Amino acid sequence: MIFFENTEIAFANKSTSSLRRALWLFRILQIGPLYVFWSKLMGFCVKYRLPVSWIVKRTYFKQFCGGTSLDESVLTVVKLAKYNVKSILDYSVEGNKSIDEIRKTMDESVRGIELPACCANIAFAVLKPSAICGEDILSRLNSNNGIDISRNTNVFRERVEELCWKAYEKKISIMIDAEDVVFQDFIDETVTEMMEKFNRDKIIVYNTIQMYRTDRLEYLNKCLERAVSKGYKLGFKLVRGAFMEKERARALQMNYSSPIWPDKDSTDRAYNQALGFCVYNIDKISILAGTHNEESCFFLTELMKKNGVAKNDSRIYFAQLYGMGDHISFNLACEGYNVAKYIPYGPINKVIPYLIRSANENSSIAAQASRERSLIATELKRRKKIKL
Ligand SMILES: Cc1cc2nc3c(=O)[nH]c(=O)nc-3n(C[C@H](O)[C@H](O)[C@H](O)COP(=O)(O)OP(=O)(O)OC[C@H]3O[C@@H](n4cnc5c(N)ncnc54)[C@H](O)[C@@H]3O)c2cc1C
């Protein structure tokens, strides 16, 4: 039985000084008003390139990011690989509006696909749809209103297809992130097309399913029926979903019923049901469980055991964000499961706004920070005791 409380394994890759730094960072994240002040200060420093931004780089950035460039992030990949933990490098630059910025992101994504081909410790390439299209266009494509749909639809499809082709040529799987419900139908449609095209022998394309949505179990069923009838395989990153408050507020404002389960228990149940559905259909579906939820991770290990799936079966991955959930990642990896860390990287002034926004949008961050803080404190006490 897997035991996530072993902090010696969880933090074996961290020095005592980096654990102390993490401890005070999680203290800040845990206290809402303090975090709001801290994130505004960071945003201000980075925006105006104030000299204090080196503090941000040595604290927040160091804890949650792999590096400022792909090459720098490879060092992080190598460090994790020593503990049997693979990496997923995520170029976390957002808000791209101009063609130039989008082209730069496309070029960086291509480099991100080419790199895993020569670095076995990178498990997947990743793509954030709004980074290659822009949120305004995506939302209008979804609602089919107000713009030259066919031209923009084709541009988005062509960009996604260009990256999927590249991944196919390099034999590396590519994961497409899930975003707001208002963009997601159109993303799902495009990624399904790509799965049909590229997932014939090996699973190259993975879509992301947000299980906080009430319609996703039915959607998974439909995806399977379609894949079976058309003869291709499915790849899914299963997450709970990051934009709960925003989705509920939008539904209220626009007067439609919320697409999100009414409570956490329902989301948890749906998430575990989705894990069960995928493991039961493992011959047709490969998954990556993107979660910091210990119960879900434990549940998945039990499902694997029950269904006779080996711990290192390449069709099942666990993944946590870099700098969080190390007790899950490193204990699972130590037991021989496939584990990857999702590692944001990019120029500091572009990645910090993304990290701040993600933390602000995700109400579960305070609870997660509290858990992280208590695990780190336990490990620091353990190290102190050994020294005595
Ligand atoms: C590797 C990785 C990749 C990710 N990629 C994406 C992505 O592409 N798109 C995306 O949207 N998110 C993504 N996420 C974030 C993810 O969706 C969750 O927001 C985050 O991981 C917290 O959920 P949890 O399962 O880890 O933990 P938990 O703390 O168990 O769950 C918290 C989550 O439960 C749900 N929840 C909380 N309260 C309620 C409530 N009252 N009612 C209903 N539901 C509730 C919310 O989804 C909340 O985020 C990713 C996470 C990881 C680890």
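Is Pro344 buried or exposed, and how many C-beta neighbours does Pro344 have inside 10 Å? In this predicted model, Pro344 counts as buried because it has 25 C-beta neighbours inside 10 Å, where 20 or more are required. The residue is found in strand 8, which spans residues 339-345. Apart from neighbours within four places in sequence, the contacts of Pro344 are Phe64, Cys65, Gly66, Asp90, Ser92, Tyr322, Val351, Tyr354 and Leu355. The C-alpha atoms of Pro344 and Ser92 are 5.4 Å apart in space, although 252 residues separate the two in sequence.

The protein chain contains 16 helices and eight strands. Of its 388 residues, 41% count as buried. When contacts in the protein chain between residues at least 6 apart in sequence are considered, 76% of them join residues at least 24 apart.

Strand 8 is joined to strand 1 (residues 86-91) by six bridges, and the two strands run parallel. Within this pairing, Lys341 of strand 8 stands opposite Ser87. Strand 1 also runs parallel to strand 2 (residues 122-127), to which two bridges join it. Ser87 takes part here as well, with Ile122 as its bridge partner in strand 2. Strand 1 is mostly covered, six of its six residues being buried. In a regular strand, side chains alternate between the two faces of the sheet. In strand 1, Lys86, Ile88 and Asp90 point one way, while Ser87, Leu89 and Tyr91 point the other way, and all are buried.

Strand 6 (residues 285-290) is likewise described by its burial and its pairings. Six of the six residues of strand 6 are buried, so this strand is largely enclosed by the rest of the structure. Both of its faces are covered, with Ile285, Ile287 and Ala289 buried on one side and Ser286, Leu288 and Gly290 buried on the other. Strand 6 pairs with strand 5 (residues 234-239) in the parallel sense over five bridges. Ser286 in strand 6 is the bridge partner of Gly235. The pairing of strand 6 with strand 7 is also parallel and comprises four bridges, and Phe318 in strand 7 is the bridge partner of Ala289.

The ligand is surrounded by 27 residues, of which the closest are Asp177, Val239, Arg240, Ala242 and Gly290. Two or more residues of this shell come from each of strand 4 (205-210), helix 12 (264-280) and strand 7 (316-321). Strand 7 provides the largest share, three residues. Classified by type, the shell around the ligand consists of eleven nonpolar, twelve polar and four charged residues. Because domain 1 (1-65 + 349-388) and domain 2 (67-345) both give residues to the shell, the ligand lies between them.

In soluble globular proteins, nonpolar side chains tend to be buried together. The largest nonpolar core of the model has 97 residues, and Cys164, Ile174 and Leu238 have the most contacts inside it. Helix 9 (residues 181-198) gives the most to this core, with seven residues. At least three residues of the core are drawn from each of domain 1 (1-65 + 349-388) and domain 2 (67-345). Not counting residues up to four places away in sequence, Ile174 touches Ile113, Phe124, Ala125, Val126, Leu127, Leu163, Cys164, Ala167, Ile204, Val205 and Tyr206.

Backbone geometry was also examined. Most residues other than glycine have a negative phi. Lys171, which is not a glycine, has a positive phi near 60 degrees. Lys171 is placed in the loop between helix 8 (149-170) and strand 3 (174-176). With 10 other C-beta atoms within 10 Å, Lys171 is exposed, since the limit for this class is 12 or fewer. Asn255, also not a glycine, has a positive phi of about 65 degrees. The loop between helix 11 (244-254) and helix 12 holds Asn255. This residue counts as exposed because it has 6 C-beta neighbours inside 10 Å.

Note on methods
Residues numbered from 1 in each chain as written. Predicted model: local features only at pLDDT ≥ 70, side-chain atom pairs only at ≥ 80, totals over all residues. Near = placed C-beta within 6 Å. Nonpolar A, V, L, I, M, F, W, Y, C, P; charged D, E, K, R; others polar. Domains from an automatic or database assignment. Core = buried A, V, L, I, M, F, W, Y, C linked by C-beta atoms within 7 Å. Contact = placed C-beta atoms within 7 Å. Pairing = 2+ DSSP bridges.
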